[in-house]
Amino acid sequence: MTRSIIGILRGVTPDEAVEICGACIDAGIDTIEVPLNSPNPFASIKAMADAYGDQAVIGAGTVLTTEDVTKVSQAGGTLIVSPNCDPDVIAATKNLDMQSWPGVLTPTECFAALKAGADGLKIFPGSLLGPDGVKAIRAVMPKGTKIYAVGGAGPDNFKSWFDASADGFGIGSALYKAGMTAQQVSQNAGKIVAAYDEAMNDIR
């Protein structure tokens, strides 16, 4: 079962990246981003992509420049997530056949991101817009637009976001904080997946 969850491993280091990534995948989270403000992120992405690229979608978050898009691709990443909507970054991402998930908050940004070729929209910070805001934006988005809530969405409120038409989530600190062991991440991921599955069952 593929779940619409992006695991955000902010602060992960190259020497622990493969083990942490494996714990996420084993628990059922198979889309992983390493934010570029993590220590030596491209080395972590390469290690994870080499080990699990055939089992998971692996890439980078906090991607702000086209140069970094290229570096992620060279490291084996296939996912680009940004906190902002930069058409140049989106275009560079798509030119390299990677998934593009820019950060947006307003309808103007949403339409700009889609026009530039984004695969989906990262509502960030989700806590500012809330489920009601996502529901309102959904009403004017093209049919089939993928909307993920990041920041303010988690195991305690997945159902509220699903009810508001969110398609998925980016999960950071509830999954991983710098210094956590793979066992701790495994436990966190298990709780997140269980809550996600329960919320999905409730809306079916």
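Is Thr 62 buried, partly exposed or exposed? At 21% relative accessibility, Thr 62 counts as partly exposed (buried is under 20% relative accessible area, exposed over 50%, partly exposed in between, with a 1.4 Å probe and protein chains only). Keep in mind that this is a predicted model, where local features need pLDDT of at least 70, side-chain atom pairs count only at pLDDT 80 or more, and totals for chains, interfaces and linings use all residues. Residues are numbered from 1 along each chain as its sequence is written, and side-chain values use heavy atoms, with hydrogens and water left out.

- Thr 62 isn't a glycine, yet its phi is positive, near 55°.
- You'll find Thr 62 in the loop between strand 3 (57-61) and helix 3 (66-74); helices (H or I, at least four residues) and strands (E, at least two) are DSSP runs, numbered from the N terminus.
- Asp 97 also has a positive phi, about 60°, without being a glycine.
- Asp 97 sits in the loop between helix 4 (87-95) and strand 5 (99-101), and it counts as exposed because its relative accessibility is 70%.
- Going from Phe 124 to Pro 125, the peptide bond is cis, with omega near -10°.
- Pro 125 belongs to the loop between strand 7 (121-123) and helix 6 (126-138).
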